[in-house]
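I opened a new page for this structure.

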Amino acid sequence: MLVRLIKLAQKTATILLTRNTYGRRYMLRRVLELSQLHAHPIDVYYNIRTSGFIPNFLNDSGANIAKIASRENNHYAGCQPSCLRKALQSLPDTSEFVFYDYGCGMGRALATASEFAFRALIGVELSKELCAIAVENARSIADSFPERAHISVKQGDAIAVELHGDKLVIFMYHSFGRATLTSIINKLEKLVKVGRDIFVIFENPVNGDLLEQSTQFGRWYAEQVPCDVEEISHHSDANDGFVVWRSINTITADRSAYNKFEILITKPTWRAEVIRSD
């Protein structure tokens, strides 16, 4: 009990320290420097920076500690490309779709999605510092692969971002708490009602029940995907799950064969797994 209290006191003191602009920037810079000592394979391949784990209080410069504690803006840890690739492979032709990454961090999902045919790729990130790194990474990919869809990054709140295009793919890697995700879903549902074709990809779908309850989205596909061997040392688990939902105005009856699964919470607020039953 005493050890837990000491750890809690240390964490609280750290969060309070980082509500100071200079303190937060110093600690964030140190964490980013350390993260580069163990570069993810996708960083090596694309010559980009997306590695590391960054607690949410370093990403959020706000003074609302209660919001930080509730993890409405979650910690940064880049998605596993092997899992996202599998999810994107389940989609039909995406050449007319715009890909949005909500809570894009340093842009690992954007780099992965650039391997697929999209009309455009857009990241949304609250942290000014991570946003700047994502922009650098986007520039590096554009220089090496000029034929790929353009990547742009917007700093701001995912709830407030304006979505462009009639065909959208929304990606999230457990980026938000339940209140924020509810607001995002409400906004997407309004777009579905006016005819937008929207896919939602949720990797590590901890709050996936909120989309399951939606009357405007139906199940499209789900799978628990083993990480590529070279990714395992960069992840706390050897696999990751994802679920894809599609707007009901465009989903087809032939997807019923892919609807038999359960989202199982294995670590409360932290990890979900997909259990297929077909």
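Are F97 and F199 buried or exposed? I looked up both: F97 is buried, and F199 is buried too. Buried means under 20% relative accessible area, exposed over 50%, and partly exposed in between, with a 1.4 Å probe and protein chains only.

A note on the source: I am reading a predicted model, where local features need pLDDT of at least 70, side-chain atom pairs count only at pLDDT 80 or more, and totals for chains, interfaces and linings use all residues. Residues are numbered from 1 along each chain as its sequence is written, and side-chain values use heavy atoms, with hydrogens and water left out.

Entry: the chain as a whole.
I find 10 helices and 11 strands in the protein chain. Helices (H or I, at least four residues) and strands (E, at least two) are DSSP runs, numbered from the N terminus. The chain has 278 residues, and 51% of them count as buried. I also checked contacts, meaning heavy atoms within 4.5 Å. Of those with a separation of 6 or more, 73% are between residues 24 or more positions apart.

Entry: aromatic pairs.
I noted eight aromatic pairs in the structure. Rings of Phe, Tyr and Trp (its six-membered ring) pair if their centres lie within 6.5 Å; planes under 30 degrees apart count as stacked, over 60 as edge-to-face and the rest as tilted. Y46 and F145 have ring centres 5.6 Å apart and planes at 75 degrees, so I logged this pair as edge-to-face. The pair links distant parts of the chain, 99 residues apart. Y46 sits in helix α3 (residues 41–46), and F145 in the loop between α8 (128–144) and β5 (151–155). Y46 counts as buried because its relative accessibility is 4%. F145, at 19%, counts as buried as well.

Next I looked at F97 and F199. Their ring centres are 5.7 Å apart and their planes at 50 degrees, so this pair is tilted. It too links distant parts of the chain, 102 residues apart. F97 is in the loop between α6 (81–89) and β3 (98–102), and F199 is in strand β7 (residues 197–203). I also found one aromatic cluster formed by Y45, Y46 and F145.

Entry: charges over rings.
Here NZ of Lys or CZ of Arg must be within 6 Å of the ring centre and within 35 degrees of the ring normal. R219 lies over the face of F261, at 3.7 Å from the ring centre. R276 lies over the face of Y221, at 5.2 Å.

On a 1 Å grid over the protein atoms alone, a cavity is a set of points where a 1.4 Å probe fits but cannot get out; a pocket is an open set with protein on both sides within 12 Å along at least five of seven lines; lining residues have an atom within 4 Å of a point. I found one cavity of 30 Å³ or more. M106, G107 and L110 are among the residues that line the largest cavity. α8 gives the largest share of that lining, four residues.

The largest pocket holds about 830 Å³ of space. Of its 49 lining residues, H75, Y76, A77, G78 and Y173 are the closest to its centre.

Key: Grid points are joined across faces, edges and corners, and a volume is the space filled by probe spheres set on the points.
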